[in-house]
Amino acid sequence: MESKRITVEELKRAMAADFERLVNEVAVAMNAAKDGHIIADTEELVRDANAVFREQMYAKAIGLLQEKQEAFSPSARRAAKQGSPADQSSDGQRASERE
């Protein structure tokens, strides 16, 4: 059961580029703020950047967990072994197929 869980390290790796983008956006916003207007000039920009980052992290965490769960799912393995419905021929047992 433990192997179905994501680790902090996996999430860190998945989020590395997104984190770099976030800290870059925050630094740019802070450096662009006018003297005496730091909060007014940066608050919304930083909040929006954090909102995007939060959504990306949640989506990536869900994706990582879903990948792990599907990798260990008996139904996922069974579906891979089974052929497509087009590959199966009818045995003629349905009433609609006997006529």
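Because the model is predicted, local features require pLDDT of at least 70 and side-chain atom pairs count only at pLDDT 80 or more, while totals for chains, interfaces and linings use all residues. Residues are numbered from 1 along each chain as its sequence is written, and side-chain values use heavy atoms, with hydrogens and water left out.

The protein chain contains 4 helices and 0 strands, and its pattern along the sequence is α-α-α-α. Helices (H or I, at least four residues) and strands (E, at least two) are DSSP runs, numbered from the N terminus. Of the 99 residues in the protein chain, 13% are buried; buried denotes under 20% relative accessible area, exposed over 50%, and partly exposed the range in between, with a 1.4 Å probe and protein chains only.

Helix α1 comprises 25 residues and spans 33 Å from its first C-alpha to its last, close to the 36 Å expected at 1.5 Å a residue. The expected span is 1.5 Å times one less than the number of residues of the helix. A kink of about 55 degrees in α1 is centred on M15, the bend at a residue being the angle between axes fitted to the seven residues ending there and the seven starting there. M15 also belongs to the buried residues of α1, together with L11, D18, L22 and A29. A32, likewise in helix α1, is exposed, with a relative accessible area of 60%.

The packing angle of α1 and α2 is about 170 degrees, and their axes are 9 Å apart. Axes are lines fitted to C-alpha atoms, for helices over the stretch in contact, and angles run from 0 to 180 degrees between N-to-C directions. α1 is therefore roughly antiparallel to α2 (under 35 degrees counts as roughly parallel, over 145 as roughly antiparallel, 65 to 115 as roughly perpendicular and the rest as oblique). The contact of α1 with α2 involves 16 nonpolar, 3 polar and 6 charged residues. Here Ala, Val, Leu, Ile, Met, Phe, Trp, Tyr, Cys and Pro count as nonpolar, Asp, Glu, Lys and Arg as charged, and the others, Gly among them, as polar.

A search of the whole structure identifies 1 aromatic pair. In this pair, F19 and F53 are arranged edge-to-face, at 6.3 Å centre to centre with 65 degrees between the planes. F19 lies in α1 (residues 8-32) and F53 in α2 (residues 38-71), so the pair ties together parts 34 residues apart in sequence. Rings of Phe, Tyr and Trp (its six-membered ring) pair if their centres lie within 6.5 Å; planes under 30 degrees apart are stacked, over 60 edge-to-face and the rest tilted. F19 is partly exposed at 42% relative accessibility, whereas F53 is buried at 13%.
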